[in-house]
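Please look over the chain below before reading on.

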Amino acid sequence: MTDNNLPGPGQPTPEQGPPSGQPGQPQQPQQPPPYQPAPAPNKPAQGPPTKGKMRQQQAGVTKPRQATVAEQRARAAAQKAQQERFAAESAAFEKKRKKRKRLLIGGGVTVGVVALVAIWYAAASPKNVTAQCTDSNNVIVDDDYCDESYYRSHGGYTSGGFIYIGGSSYRYNYGGTGSVGQKAVGGSYTVPKGANVSTKSGTSVQRGGFGISSGSSSSGG
């Protein structure tokens, strides 16, 4: 059984139109399909963020980054400020050093003048020295044994700084300490030059500057 609506050999195929509606009703236009976005391409799964890597600089290979104009100006300003600060500190230190040197020189001159005055005063002012009569064992005895009038009246005499009375010898100790019956401590048996020498009783043995002593004369006995 054949379809009479089919075209014969060599005839074009008739286009099929929209289905016809009911008789007497207009045909409704066809609506386009709703818009659907295209599916997103599949992205590879992302893992945890990786840390940044620091490039290692190699001597003779890595070239340093050239400083910008602003960096060059800032660097020049910092160097200038540092040089000015260093110059100011150096000037302040030099000023303090000179001031200290002047003070030391002035103080040294003052101390030197005071020392000279003290030496001159000490030289000009004779010292007062106390003399005590001692025996041959350096034991302090009564001052009469060294008194000229006493030893002469007892047939004594002086020789080489010693006073001889009978078989005993006596001499003055100058500046020593102690009392009668004790050994003299310290002092000297040489007459001090330029000193006012006197005994504890107040008898003058030698006047400063003149070298006059009560035992200056000697006699044989």
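## Salt bridges

The count of salt bridges comes to two, where a salt bridge is a side-chain nitrogen of Lys or Arg within 4 Å of a carboxyl oxygen of Asp or Glu. The model is a predicted one, in which local features need pLDDT of at least 70 and side-chain atom pairs count only at pLDDT 80 or more, while totals for chains, interfaces and linings use all residues. Residues are numbered from 1 along each chain as its sequence is written, and side-chain values use heavy atoms, with hydrogens and water left out.

Because Glu94 and Arg97 are three residues apart in helix H1 (residues 69-124), about one helical turn separates them. Another salt bridge links Glu148 with Arg152, whose closest N and O atoms are 3.1 Å apart; these two residues both lie in helix H2 (residues 148-153), four residues apart, which is about one turn of the helix.

The table gives the relative accessibility of the residues in these pairs, each of which falls into a class defined as follows: buried is under 20% relative accessible area, exposed is over 50%, and partly exposed is in between, with a 1.4 Å probe and protein chains only.

| Residue | Relative accessibility | Class |
|---|---|---|
| Glu94 | 30% | partly exposed |
| Arg97 | 36% | partly exposed |
| Glu148 | 26% | partly exposed |
| Arg152 | 35% | partly exposed |

## The chain as a whole

The secondary structure consists of two helices and six strands, and from the N terminus on these elements follow the order α-β-α-β-β-β-β-β. Helices (H or I, at least four residues) and strands (E, at least two) are DSSP runs, numbered from the N terminus.

Of the 221 residues in the chain, 14% count as buried. The chain exposes about 18,800 Å², of which carbon and sulfur atoms supply 55%; accessible areas come from the Shrake-Rupley method with a 1.4 Å probe, and for residues only the protein chains shown count as cover. Among contacts (heavy atoms within 4.5 Å) between residues at least 6 apart in sequence, 52% join residues at least 24 apart.

## Residues in the strands and a loop

Gln132 lies in strand E1 (residues 128-135) and is buried, with a relative accessible area of 5%. Leaving aside neighbours within four places in sequence, Gln132 is in contact with several residues, including Ile140, Asp143, Tyr172 and Lys200. The side chain of Gln132 also reaches the backbone oxygen of Gly176 at 3.4 Å.

Asn196 belongs to strand E5 (residues 196-198) and counts as partly exposed at 29% relative accessibility. Its side chain makes a polar contact with the side chain of Asn128, at 3.4 Å; a polar contact is a pair of N or O atoms within 3.5 Å, and within protein one must be able to donate a hydrogen and the other to accept it, while residues adjacent in sequence count only if both atoms are side-chain atoms. Asn196 and Thr130 are 66 residues apart in sequence, yet 8.4 Å apart in space from C-alpha to C-alpha.

Asn138 lies in the loop between E1 and H2, and at 27% relative accessibility it counts as partly exposed. Although Asn138 is not a glycine, it has a positive phi of about 65°. Most residues other than glycine have a negative phi.
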